[in-house]
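I opened this notebook to record what I looked up in one structure, entry by entry. The sequence and the model come first, and my notes follow.

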Amino acid sequence: MRAQAGLNLAYVSRVEDARRDGVLGIATFHDAPAAALGETGIPIARVDTPVLPTDAPLYEIWSSEEPAESGQQGRVQFRRTPEMLFGCIAVAEQDFAVQDANRAVPSTLHQATAHAYREICATLETQGYPHLLRIWNYLPDINGHSHGTERYRQFNTARRHALRASGRAVAGSVPAASALGADSESPLVIYFLAGKVAPAFIENPRQVSAYHYPRQYGTDSPAFSRAALLRQIGGLTLFVSGTASIAGHRSLHIGDTAAQTGETLINIEALLGEANRLAHGAHFDLDALAYKVYVRRPSDLPMIQAQLASSLGRKARIVYLRADICRHDLLVEIEATGMCPLAAAA
Ligand code: 3EB
């Protein structure tokens, strides 16, 4: 009998395949007809990033064999099992005050981010899932500027302050994450997985930890880990954060998408090496992960596809999205998830 990893991930393009048993939460991309999913109480994060190459519908489905129930706290919609909680929140910047002539009001993105993170932390606290494992952040106009700074940096400041104000770590025990641009008309959309037990947080020996990036990348460093490894009774789940062509803290291969893709794969391999040292008996292979690839310029897609096909083989599951990446000089970013069932103890 095949042991279940405890948590499952599928990328599907047909809504019928999204209506399966045990679904904890769904992310849809661009115009996936989420209405067809019906009034199921399952949290759905609606992310506005076009699917490449043809803008076909795409559903990212997180599921589990455990009994689950849905709920809502503030603006956070969630579904939880005895072990895990999937949640999502969408916050429109228009909901927040713009400028006050007499006071320096933070940007609307700062306010929306702070609000979202405070609500997420409050939900985890109240529902009893203290460990944030993995979080996906989609910010409209991520490379835009206002208030004298880039919007991604505003997001970093607000995320860091809100985590700290909620009594949480901003370095070390911080979740695996992705932070990408979404359509400029989109709200801030965040979805996440949290658990009752802490994962192992993994850093990349080739990279400075993002939470220790020097100030040239912003006054407040990004609060995320390079990967998180969750151990459940049925198996291990590895969450690899959005990974790019960065060594040390510098972006490499400026303007060269193929070289950036290669460097990114080297970074993911380095993370797999770290994960496998911690996985005791289980093993994650590069070609057995599920990949989500963010492409800044759609015209680069064929080259990236060809390169990943030759590096990862045909077994790897890969989906592609059009998205801006948080540094203007990065052309591609890749996140990944691995599931490794453990044999049930005799
Ligand atoms: C990097 O390595 C690329 O701010 O949550 C990747 C994953 C990146 C997550 C985040 C940012 C984030 O710095 C950018």
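Before the first entry I set down the convention for handedness: a crossing counts as right-handed if the near helix is turned clockwise from the far one by less than a right angle, and as left-handed if it is turned anticlockwise. I also note that I am working from a predicted model.

**Entry 1: α4 and α5**

I looked up how helix α4 (residues 257–278) packs with helix α5 (residues 301–312), and I found an angle of about 35° with the axes 10 Å apart. By the convention above, the crossing of α4 and α5 is right-handed. On the α4 side I listed T257, A258, T261, G262 and L265, which meet M303, I304, Q307, L308, S311 and L312 of α5. Sorting this contact by class, I have 6 nonpolar and 5 polar residues, and no charged ones.

**Entry 2: α2 and α3**

I then turned to helix α2 (residues 108–127) and helix α3 (residues 151–165), whose axes come within 8 Å and cross at roughly 35°. The crossing of α2 and α3 is right-handed. From α2 the contact draws on L109, H110, T113, A114, Y117, R118 and C121, while α3 supplies R151, Q154, F155, T157, A158, R159, A162 and L163. Which classes make up the contact of α2 with α3? I recorded 8 nonpolar, 4 polar and 3 charged residues.

**Entry 3: the ligand**

R159, which I had listed in the contact from α3, came up again when I looked around the ligand, where 13 residues are found and Y152, R159, Y213, R226 and C326 come nearest. For Y152, I noted a polar side-chain atom 2.5 Å from an oxygen atom of the ligand. For R159, an N or O atom of the side chain is 2.8 Å from a ligand oxygen atom, and for R226 I likewise wrote down 2.8 Å between a side-chain N or O atom and an oxygen atom of the ligand. How much of the ligand does the protein bury? Taken alone the ligand exposes 360 Å², and the protein buries 99% of that.

**Entry 4: the loop between β4 and β5**

Last, I checked the backbone, keeping in mind that most peptide bonds are trans and that most residues other than glycine have a negative phi. The peptide bond from L52 to P53 is cis, with omega near 0°, and P53 is found in the loop between β4 (51–52) and β5 (59–63). D55 also lies in the loop between β4 and β5, and I noted that its phi is near 60°, a positive value in a residue other than glycine.

Technical notes:
Residues are numbered from 1 along each chain as its sequence is written. This is a predicted model: local features need pLDDT of at least 70, side-chain atom pairs count only at pLDDT 80 or more; totals for chains, interfaces and linings use all residues. Side-chain values use heavy atoms; hydrogens and water are left out. Axes are lines fitted to C-alpha atoms, for helices over the stretch in contact, and angles run from 0 to 180 degrees between N-to-C directions. Helices (H or I, at least four residues) and strands (E, at least two) are DSSP runs, numbered from the N terminus. Contact means heavy atoms within 4.5 Å. Ala, Val, Leu, Ile, Met, Phe, Trp, Tyr, Cys and Pro count as nonpolar, Asp, Glu, Lys and Arg as charged, and the others, Gly among them, as polar. A residue is near a molecule or strand if one of its heavy atoms lies within 4 Å of it. A polar contact is a pair of N or O atoms within 3.5 Å; within protein, one must be able to donate a hydrogen and the other to accept it, and residues adjacent in sequence count only if both atoms are side-chain atoms. Accessible areas come from the Shrake-Rupley method with a 1.4 Å probe; for residues, only the protein chains shown count as cover.
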